[in-house]
Amino acid sequence: MWTVRLKGAAEAFGATVEVLGEAPQTTPDFDIAIIDLAVPDFVAAIPLLKEGGGKVVGRSGHKEKELIQAGMTAGCDFIASNGALAKNLKATLSRVP
């Protein structure tokens, strides 16, 4: 559900979106990757994702403290709640350092 909503929101402001069904095994080329922190394979892939030079945004429920901490520890550039991303993706992503 969240993937479809995020993809639609990103495409609405002209972003090109690729949805990955599994964590990448090689360094992908991207500007911003939004990953679901509830999927351990994606959290484990954060260092690989960062090698490509893009920004990694972790997403989770706003009350999921353990997932948020896992994303921070793994190296996410920014953590956002599912709701913030779905309601106003462009504004939320503009806060990514």
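Figure 1. Residues 24 or more positions apart account for 42% of the contacts in the chain with a separation of 6 or more, a contact being defined by heavy atoms within 4.5 Å. This is a predicted model, in which local features need pLDDT of at least 70 and side-chain atom pairs count only at pLDDT 80 or more, whereas totals for chains, interfaces and linings use all residues. Residues are numbered from 1 along each chain as its sequence is written, and side-chain values use heavy atoms, with hydrogens and water left out. The chain has six helices and three strands, taken as DSSP runs numbered from the N terminus (helices: H or I, at least four residues; strands: E, at least two). Along the sequence these elements follow the pattern α-β-α-α-β-α-β-α-α. The C-alpha trace spans about 30 × 30 × 25 Å along its principal axes. Of the 97 residues, 35% count as buried, where buried means under 20% relative accessible area, exposed over 50%, and partly exposed in between (1.4 Å probe, protein chains only).

**Figure 2. The open parallel sheet.** Three strands are arranged in the order β1-β2-β3 with parallel pairing; two strands pair if DSSP finds at least two bridges between them. Strands β1 and β3 (78-81) stand at the edges with a single partner strand each, so one side of each is left without a neighbour in the sheet. On average, neighbouring strands of this sheet are turned by 30° against each other, direction ignored; the axes are lines fitted to C-alpha atoms, for helices over the stretch in contact, and angles run from 0 to 180 degrees between N-to-C directions. Strand β2 (residues 55-60) is joined to β3 by four bridges, and the two run parallel. Gly 58 is placed opposite Ile 79 in β3.

Figure 3. Ile 35 belongs to strand β1 (residues 32-36). Its relative accessible area is 4%, so Ile 35 is buried. With residues up to four places away in sequence not counted, Ile 35 touches Phe 42, Val 43, Ile 46, Leu 49, Val 56, Val 57, Gly 58, Arg 59 and Cys 76. Lys 7 and Ile 35 are 28 residues apart in sequence, and their C-alpha atoms are 12 Å apart in space.

**Figure 4. The two salt bridges.** The count of salt bridges comes to two, each requiring a side-chain nitrogen of Lys or Arg within 4 Å of a carboxyl oxygen of Asp or Glu. Asp 36 pairs with Arg 59 in a salt bridge whose closest N and O atoms are 3.5 Å apart. This pair links distant parts of the chain, with Asp 36 in strand β1 and Arg 59 in strand β2, 23 residues apart. Asp 36 is partly exposed at a relative accessible area of 24%, whereas Arg 59 is buried at 7%. A salt bridge also joins the side chains of Lys 50 and Asp 77 (2.7 Å, N to O). Here too distant parts of the chain are linked: Lys 50 lies in helix α3 (residues 46-51) and Asp 77 in the loop between α4 (65-74) and β3, 27 residues apart. Lys 50, with a relative accessible area of 31%, is partly exposed, and Asp 77 counts as partly exposed at 22% relative accessibility.

**Figure 5. Thr 27 in the loop between α1 and β1.** Thr 27 is located in the loop between α1 (2-12) and β1 and is partly exposed, with a relative accessible area of 35%. Apart from neighbours within four places in sequence, Thr 27 contacts Leu 48, Glu 51 and Gly 52. The side chains of Thr 27 and Glu 51 make a polar contact (3.3 Å). Such a contact is a pair of N or O atoms within 3.5 Å; within protein, one must be able to donate a hydrogen and the other to accept it, and residues adjacent in sequence count only if both atoms are side-chain atoms.

**Figure 6. Thr 92 in helix α6.** Thr 92 lies in helix α6 (residues 89-93) and counts as buried at 5% relative accessibility. Neighbours within four places in sequence aside, Thr 92 is in contact with Phe 78, Ala 80, Ala 84 and Leu 85.
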